Amino acid sequence: MFPKSLKRGRMLENVEIFDFELTDTDVSLITGLNRDERTGPDPDEMNWVPA
């Protein structure tokens, strides 16, 4: 999803978000964050939605 903007300068800034690369070390660090557990409400239970 791309952010909406009517200003050309902002549109160009939004596209520039893709001008980076992750190193193998970066990917390993990010992968290491996975704990195979949910950090938010369980959508199957919906007990977090006010009645």
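Predicted model: local features only at pLDDT ≥ 70, side-chain atom pairs only at ≥ 80, totals over all residues.
**Notebook: contacts, helices and overall shape**

I started at Ser5: leaving aside neighbours within four places in sequence, Ser5 is in contact with Arg10, Met11 and Asn14 (contact means heavy atoms within 4.5 Å). Residues are numbered from 1 along each chain as its sequence is written, and side-chain values use heavy atoms, with hydrogens and water left out.

Where does Ser5 lie? I found Ser5 in the segment before helix H1 (8-15); helices are DSSP runs of H or I, at least four residues, numbered from the N terminus. The side chain of Ser5 also reaches the backbone nitrogen of Lys7, at 3.2 Å.

Next I looked up Asn14, which sits in helix H1. Buried or exposed? Asn14 is buried, because its relative accessible area is 18% (buried means under 20%, exposed over 50%, partly exposed in between, with a 1.4 Å probe and protein chains only). Not counting residues up to four places away in sequence, Asn14 touches Pro3 and Ser5.

**After H2**

I then moved on to Asp36, in the segment after H2. Asp36 is not a glycine, yet has a positive phi of about 50°. Its relative accessibility is 71%, so I put Asp36 down as exposed.

Pro50 is also in the segment after helix H2 (24-31). Pro50 counts as exposed because its relative accessibility is 72%. I checked Pro50 against Thr31: they are 19 residues apart along the chain, and their C-alpha atoms are separated by 34 Å.

**Whole chain**

How many helices and strands are there in the chain? I get two helices and zero strands (a strand being a DSSP run of E, at least two residues).

The radius of gyration of the chain is 18 Å, whereas a compact globule of 51 residues would have one near 10 Å. That radius is taken over C-alpha atoms, and the globule rule is 2.2 Å times the number of residues to the power 0.38. Along the principal axes, the C-alpha atoms fill a box of roughly 45 × 35 × 10 Å.

The chain exposes about 5500 Å², and carbon and sulfur atoms supply 57% of that (Shrake-Rupley method, 1.4 Å probe).

Technical notes: Polar contact = N/O pair within 3.5 Å; in protein donor to acceptor, adjacent residues only side chain to side chain.
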